[in-house]
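Good morning, colleagues. Please bring up the sequence and the model on your screens, and I shall take you through the packing and then one of the pockets.

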Amino acid sequence: FSMDVYARHRSYVGKYSSLLPDDEMVIGRTGGQTVPGYDLDSRAGVDVKYDWNLGKAAFDISYYGIHQGLAQSPGRFRRGYNGVDVLFSAASKPHVSNFIFDVDGGYRFANERRGDADKLLLNEHDFNLDARLGGLIYGNDKVMLDFGLDMAGYTGHVLDAKAVLYATPRYIFDRGRFKADLGLKIMGSTIDSSEPTDFWKDAKEQVVYPDVDVRYSVLPEYLVAYFKAGGGSYLNSLSSIIERNRFAVVASHNDFRPTYHMGLCIERISLVAGFEGSVGRHFSWNLNGGYYNYASGILSALMCFSHSGDSGSDVDPEYPEISYVVPGIEYAEYQKAYASFDARWDSERFKADAVVTYTGAWGDAFQTSVYALKPAAVTGNVSLEYNYSRRIFVGVNCEFSTAMKGVKSPLTVPGYADLGLSAEYVTSRNLSFWIKGGNLLGMTIARDLVLAQTGPYFTLGICLNL
């Protein structure tokens, strides 16, 4: 039995660069209006774990809060998001019994208040449960049944309830160099919504999806080939959208067209294949590529508004009266392919990691009602870290991305390279001091699409373990 009490807080209070499209619909090229703001993120809770002969269980209850504010024209944006999370899990131990079980779930009640011009109030109830039952039938062969549900309901400004249920019978076997997990996912959803007509509501759901993971050791311990196939319907809750973009406006009305984005992502099929391997004790790599086909997939998007409050989303892309923009998401029917390479070096004193991904998206029916953006074509990250006697750590990293371009408009969010340095001094097992600097190239980095880092920044910190 063990119990942990934990708390963390991350905050920024200062200036933001609020960006607008220029005459050619490029975000941030002409600089932005500097506005005061804040972004506070807090979590505190209790984690309990219990272990017995045949299994283990865990329970966690915590408070989670996001508080944000921006003083920008035409009105102030303020968000207070307060939630209580309850998580639980129980699982059997491997190699103790032929019967296998694994259950985990969670519930969140959250309240979002927005003090901008809309004065919105939204209550969120989010519940999920995933279970796996089965057993060994011959050697290492297993017959399993996965099942679960994901539910989200809203009251207040939006009256809405959605649920997705699934069951996946699967057969798992291990033949030494050849391993396979063969499943067939059966899914269905139910929707009770006051939302206006939205694209995802017209998208066709499937009932059956593949759920397959096959691996073959070409050179045991040195080279493995793998293949995965999947798909399904997934809820996009208020909390998951805020996690995607912390300043996203999820629901708006008043003078604006009603825009509610808590919908369904419907992935018809996904196919991924690749190779992973290692050379010696320290170097490993992974090369893979994949294809995704969405009946209703998520795209980052901007909602553009004029001084009058009219949305610029359904007008000519050369819309001349845009006075401010806010980040959001949009659903579209499209296809995506990617290729990715990841290489790592891990030794006692030196670590290095480099990953680069190319993504292409296309579709004849990019049905969008706002300024939706295609994924950036090239993204990646390179990091290096050296330590002296596990006491002094020095690192450099660079995260980069090419531009995100509009699906049906010339809107562009420029690419960037975020170069950073870090250092940490460990005084004891319980105490260390660190410093981190970022955006040392002074680029306009619009990760939140319309709120940018426009200059170098430095953060000082203390790590205390009790």
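Predicted model: local features only at pLDDT ≥ 70, side-chain atom pairs only at ≥ 80, totals over all residues.

Beyond its neighbours within four places in sequence, Tyr-154 is in contact with Leu-122, Asn-123 and Glu-124, with Leu-159 and Asp-160, and with Ser-237, Leu-238 and Met-262.

To return to the largest nonpolar core, which of its residues touch the most other members? Among its 24 residues, these are Tyr-81, Leu-122, Tyr-154, Leu-238 and Met-262. Several elements contribute at least two residues each: strands S3 (55-72), S7 (141-156), S8 (160-175), S14 (264-279), S15 (283-305) and S16 (324-346), together with helix H2 (238-244). Helix H2 gives the largest share of this core, namely three residues. As general background, nonpolar side chains in soluble globular proteins tend to be buried together.

I turn now to the second largest pocket, which holds about 430 Å³ of space. Its lining comprises 22 residues, and Pro-94, His-95, Ile-100, Leu-136 and Lys-142 are the ones nearest the centre. Two or more lining residues come from each of strands S4 (75-92), S5 (99-114), S6 (120-138), S8, S9 (178-193) and S10 (208-219). Strand S5 provides the largest share of that lining, with four residues.

Note on methods
Residues numbered from 1 in each chain as written. Heavy atoms only, no water. Core = buried A, V, L, I, M, F, W, Y, C linked by side-chain atoms within 4.5 Å. Buried < 20%, exposed > 50% of the residue type's maximum accessible area, 1.4 Å probe, protein only. Contact = heavy atoms within 4.5 Å. 1 Å grid on protein atoms, 1.4 Å probe; cavity = no way out; pocket = protein on both sides within 12 Å on 5 of 7 lines; lining within 4 Å. Points joined across faces, edges and corners; volume = space filled by probe spheres on them.
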